[in-house]
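Thanks for coming. I will go through one model, starting with a single charged pair and then moving out to the sheet and the helices.

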Amino acid sequence: AGGRSSRWIYVDVDRRDVEPGDGPKHITLGFPMPFGLVAWFFETFGHNINGMDKEKVDGIVQMMHATKASNEPLMINVDDRDARVQVFIG
């Protein structure tokens with residue numbers, strides 16, 4: 001429903017520690033991410049999530065608003081001995 005106006009998030013996970021039969025080794029997801037709605041959710045319900053304090057919720061909300069307002073893509077790469085994770089928001 002929000003695909004045309006929302007930015008999209010793509011997540012690519014390559015697990016290196018998977019034994020045969022323990023689940024997928026490679027997972028790729030892509031879907032529209034309504035950052036305004038996600039920010040509203042954290043503003044409204046974030047304090048009810050275990051481990052989330054006001055500073056963490058405020059940081060997530062600020063990041064969501066900045067990502068929504070930006071026209072630049074955002075790419076995050078994490079690579080360790082167990083897995084490689086790439087997140088692309090564009």
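Start with K25, which forms a salt bridge with D14, the closest N and O atoms being 3.8 Å apart. By salt bridge I mean a side-chain nitrogen of Lys or Arg within 4 Å of a carboxyl oxygen of Asp or Glu. K25 sits in the loop between β1 and β2 and D14 in strand β1, 11 residues apart, so the pair links distant parts of the chain. By this rule the count comes to 5 salt bridges.

A word on the source: this is a predicted model, where local features need pLDDT of at least 70, side-chain atom pairs count only at pLDDT 80 or more, and totals for chains, interfaces and linings use all residues. Residues are numbered from 1 along each chain as its sequence is written, and side-chain values use heavy atoms, with hydrogens and water left out.

Now the sheet. Helices (H or I, at least four residues) and strands (E, at least two) are DSSP runs, numbered from the N terminus, and two strands pair if DSSP finds at least two bridges between them. The sheet is open, has 4 strands in the order β2-β1-β4-β3, and its pairing is antiparallel. Its edge strands, each pairing on one side only, are β2 and β3 (74-79). From one strand to the next, the twist averages 10 degrees.

Going through the pairs, β1 (residues 7-15) and β2 (residues 26-33) are antiparallel over 8 bridges, with I9 opposite F31 in β2. On β4 (residues 83-89), β1 pairs in the antiparallel sense over 7 bridges, and V13 has V85 as its bridge partner there. Between β3 and β4, also antiparallel, there are 6 bridges. L74 is partnered by I89 in β4, and M75 by F88. A hairpin of 3 residues joins β3 to β4.

How do α1 and α2 cross? The axes of α1 (residues 35-45) and α2 (residues 54-69) come within 9 Å and cross at roughly 165 degrees. Axes here are lines fitted to C-alpha atoms, for helices over the stretch in contact, with angles from 0 to 180 degrees between N-to-C directions. That makes α1 roughly antiparallel to α2, the term covering angles over 145 degrees.

For the contact itself, meaning heavy atoms within 4.5 Å, the α1 side includes F35, V38 and F42, and the α2 side includes V57, I60 and M64. The contact residues divide into 8 nonpolar, 3 polar and 2 charged. Ala, Val, Leu, Ile, Met, Phe, Trp, Tyr, Cys and Pro count as nonpolar, Asp, Glu, Lys and Arg as charged, and the others, Gly among them, as polar.

Conventions: Angles under 35 degrees count as roughly parallel, over 145 as roughly antiparallel, 65 to 115 as roughly perpendicular and the rest as oblique.
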